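Hello,

Here is the structure I promised to pass on to you. Have a look at it first, and my notes follow below.

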Amino acid sequence: MAQYLPVECRANSPYARKMDAYFRPMSLPEALDLMARHRPQPLAGGTDLYPWITGAEVWGPRPALNWLDMSGIAALRGVSATRIGALATWTEVAEAALPPAFRALQQAARQVGGRQVQNRGTVLGNLCNASPAADGVPPLLLLDAEVELASAAGTRRIALSQFILHNRRTARTPEEIAVALHIPAQPDVESRFEKLGARKQLVISIAMAAGLARWDGKRIAQARVAIGACSPVARRLHGLEAALLGATRDEAAQIIARLPLPELSPIADVRGSAAYRAAAARDVVARAVLA
Amino acid sequence: MNAMPPPPIALTVNGQTHALPLPPATRLSAALRDTLGLTGTKIGCDAGDCGACTVLLDGAQVCACMVPVAQAAGAQVTTVEGLAGTRWGQALAASFLHHGAAQCGICTPGMVMAAAELLARDATPDEAAVEAALGGVLCRCTGYRKITDAVLDAHRFLDTPPAPESGAVGARIPRLDGPAKLDGSERYGADAAPADALWLRPIRSPHAHARFTLPDIPQFLAANPGVEAVLTARDVPGRNGFGIYPHIKDQPVFAEHTVLYRGDCVAALVGTRDAVLRAEFPVAWVPLPALDVTAARADGAPLLHAHLPGNILTTGRVVSGTAAPAAHTARIAVQTSFVEHAYIEPEAGYAQRIGDVVEVFASTQAPYMDREEVAGVLGIPEDRVRIIPSACGGGFGGKLDVAVQPMLAVAAWLLNKPVRTIYARPESMLSSTKRHPASITAEAGCDAQGRLTHIHFDGDYDTGAYASWGPTVAGRVPVHASGPYRVPQVAAVARAVHTHNPPSGAFRGFGVPQAAIAQEALWDQLADAAGLDRLEFRVLNALRAGDTTATGQRVEHSVGLLACLEALRPHWQALRARAAAENARGGALRHGVGVACMWYGIGNTGMSNPSTMRLELTPDGALTFFNGAVDIGQGSTTVLHQIAAEALGLPVVVFAHVNGDTFLTPDAGKTSASRQTFVSGRAAFEAGRALRADILRRANAGDDAALSLEAGVLRVNGASLHLHETLRAEGRFDPPTVPLDENGQGIPYATYGFAAQIAALAVDTRLGTIKLYRIVAAHDVGRAINPTLLEGQIHGGIAQGIGLALMEEYIPGRTENLHDYLIPSMGDVPPIDTILIEDPEPLGPCGAKGVGEPALVATAPAIYSAIRDATGAVITRVPALPHRVLEALRRG
């Protein structure tokens, strides 16, 4: 699972390609030292980095790449209700015993690529790759997850909503490794993931949403909604969440159908038109929150 | 960077540990194939999109193309070669063969590895578990249903060796070339080459239309040690052009000065693999305006090929009859998209020069046409070109054109060294031919009782930059524009129009699937207008034996459409009732059922297309079938053996087989136009009969004598017959046709395949998504030589029809990979009921005719018929992606 791809590796003379360097540190301090000195590309499961290489080699040789293979760093493993390590795969997340608010994340984990990708690709890598269609982002926005970034200079935590800056751009600096996600305590409510694509398996989302609703009798007492692939960065819809408070099921459906959603700026691409995305967004949100 | 040279990596594969001196980021797939020679692991995309390279890493399935070999160190890697020796490996192999779950076989190693992961934890999984476990592997041939069945059933084959089979015509024998597809030993284009082969890298245009200047080549070579040669147009020793038609060799091996599509080839680097892949070859491009169909047809448009006014390559026409008055009329305008063949095996092969002969080993559907092209570009006689087809990892029409063959041959010829190449997935997609996008307008009418009066059809087919099979498409479409119906007046025109798009060529159906979308939609409108059930409307108008078609051909035999529709009728009624019950509940899901028919002329259109098959029986009892028909997964090797065996009167197990080597086998034409069972099958039948007659004459035995061949002893009615010489028998068949005149009158085909299909589905009216519930397919195949293989063809055709209908849209520069370009995945193909109708064709072997293309044609129209039934939405923009379905819904 690649983190974003470095620009500093692209300068090459036409006839002399530099060699790749490949580092495989066995401890985090060693890794952070290498990051500070060489700014290599962090590598976990490889499920974004290798496809990127294939794309980069279509018209000629790719730029040289320095790799930092994180797979030997035991401290980056592990999945719990409060922490997801950088090496945690989709399969590990899907199979872990996690509270009901994680259900959307676990449902997304079984819809990212095929089982081959789920067995190798990591949740953190999905965030660092920062595709607008990254299936992991809405479920984690729902959980108010924080990304822990480490460098030789120290450690910082940043909210996921602040971490992904734009299409394929994150707040990670070239010296930093995203080492873990931290998740605060969650309401004891089951979340749900809704993915919209043009085929059943192995499909990049046209739009997807994660939602949860806690009901007090017939009225919504708490709602969380996040949506992806309808803006350069997946978004929590805080305005909608507030508007849903106190709504009955029918009222909620009406609110989701009509409330202005300024957070969204869907684009047209090969998977769908902008107008379609704008309309479909409301529908996947309704299914995620109200199903 | 001052990194130390990496230590050797200890890789344990199938229980054996190897120390590999490889860069640590090397893909595990490359380590397995290139370093360890374990070529059973296939490369389809190098991007995790297709799953062909699936192996087990400590028991978990992974794409070997995305695993750095450094991360596999210390783990247990299991490949298909290792699995083949295990209990589950053997059970899976037996079950796959029994169910016909492997066709071309290129996805098969990935499928069985994914299945092995599942079965190790759950020996008797359910269908959902199979889909979850195998859904990461794409298959383009089978339609997945038989793969699912094979995995569900694998436990029954544990410790149960398969029983031998006689292989009589009509028997469901496992494919004869199957075992090698299951154990990884089959050799595809990328799986074999001389050890000292150089590597060839084509240099292609990233622009749809551009002038270009190549860099200074001596200077480039001096700066790039390891690159031995740069080949350009001036290096082609013969004609720098190839193409399907003898008089249209318009596609250059290497373009000169100007490129006409994104992917056009301008040069090739030849040298060590590392050197050619690392070299920067700076071509100076001057982009020029690129024409689409509308621009290409505009008055005064620049011409792609100076001798073709209006950029029109070919116009096909069928005009006949006079219209009766119509009580109801309907019209439609349909726009379809480029469709990519997406065979999971990218183009690959090698060439070598042996004296004054050049040998080309490559993945192909047409070895004899490849021979002609290679001889042409080298300027040597055809008998000095030897084409050795590799196993073909899917074709569907896309490997009827040469790809790697001419440039490999030129390189091997000039350098006198073996040269190989393997296209990466993006290169395969952007350089290869496509299904023609069609802009169709059509209008039709019926009388008050619903009897068709006329159809007028006009189609512009975007044939791209070079001719390829464009003339074939423009010729075939008007013949089929009426569909398999009695239509008193037909006026049909199809044009192949040159543009700066990828060459459109042959793709399962040669333009007919696009035409059927328009024509079947008109029938639905007319049926409604006349107040008739849509299926009964088709029954009323169906072509019957003794009718005359729009080309003036009287079809006397094997017109089984009515039987197909009648077989569908109970399914139609049951599915309609179910949809009505579902719809009565209300909600955003609307259920619908659709029906469509098709016909398809078998073989070339009004043109000779003979096949010759040969059998040899030596005095020591070796019986060999010399079969030049390339089995691209559809099963011709098995079917032709069954036919030859039936005609000869011996079981298939006694035959040895030589396949498709132009130095050894007689010309069986190309594997296209659904012709191998019908044309080569008849030739195989004739060869079998001729050898039998020779044997019976020598034994002085009657026609009904029983033959046997065991332990090298030939017996006739139990008495051994010693041969003093090798017996050779050839059979030849060329289907009788009459070329079409300027109004499309003639006998374009000797026989036709017929089918009718039903699609049952639900439309999510809020999201525009389609959920298919069932396909029921009734096909008149003349005679079912091998029902299992026939069902496999029908399933696979339906899957491609689903792709055409719902998701496949190739956009140059945008969808040149298998994650932006979508083909159906395992969960997209619903249960399929296959009904085989046998209305025998007297010209065919044992009554058989073809099914390869008929399988696909009716599916997309049936799906659109069902969408309209469910919602009223008429799909006119293909594919019906969710946003287009919603747009059509809003139009009403």
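Helices α21(B) and α23(B) cross in a right-handed sense. Please keep in mind that this is a predicted model. In chain B, α21 covers residues 787-806 and α23 covers residues 859-871; their axes lie 8 Å apart and meet at an angle of about 55°. That angle is why α21(B) counts as oblique to α23(B).

Which residues make this contact? From α21(B) come B:Gly797, B:Ile798, B:Gly801, B:Ile802, B:Leu804, B:Ala805 and B:Leu806, while α23(B) gives B:Thr859, B:Ala860, B:Ile863 and B:Tyr864. Sorted by class, the contact of α21(B) with α23(B) has eight nonpolar residues, three polar ones and no charged ones.

Stepping back to the domains, the assignment for chain B lists domain 1 (1-185), domain 2 (198-288 + 342-431), domain 3 (557-600 + 751-891) and domain 4 (611-733). The C-alpha centres of domain 1 and domain 4 of chain B are 34 Å apart. Where these two touch, domain 1 of chain B supplies 13 residues and domain 4 of chain B supplies 15. On the domain 1 side, seven are nonpolar, four polar and two charged.

Finally, the two chains: 47 residues of chain A and 59 residues of chain B take part in their contact. In chain A, the elements that give two or more residues to that contact are β1 (21-23), α2 (49-56), β3 (66-69), α5 (115-118) and α11 (274-290). The chain A side has 22 nonpolar, 14 polar and eleven charged residues.

Best wishes

Terms used: Residues are numbered from 1 along each chain as its sequence is written. Chains are lettered from A and ligands numbered from 1 in the order in which they are written. This is a predicted model: local features need pLDDT of at least 70, side-chain atom pairs count only at pLDDT 80 or more; totals for chains, interfaces and linings use all residues. Domain bounds come from an automatic or database domain assignment. Two residues are in contact if their C-beta atoms, placed from the backbone, lie within 7 Å. Ala, Val, Leu, Ile, Met, Phe, Trp, Tyr, Cys and Pro count as nonpolar, Asp, Glu, Lys and Arg as charged, and the others, Gly among them, as polar. Helices (H or I, at least four residues) and strands (E, at least two) are DSSP runs, numbered from the N terminus. Axes are lines fitted to C-alpha atoms, for helices over the stretch in contact, and angles run from 0 to 180 degrees between N-to-C directions. Angles under 35 degrees count as roughly parallel, over 145 as roughly antiparallel, 65 to 115 as roughly perpendicular and the rest as oblique. A crossing is left-handed if the near helix is turned anticlockwise from the far one by less than a right angle, and right-handed if clockwise.
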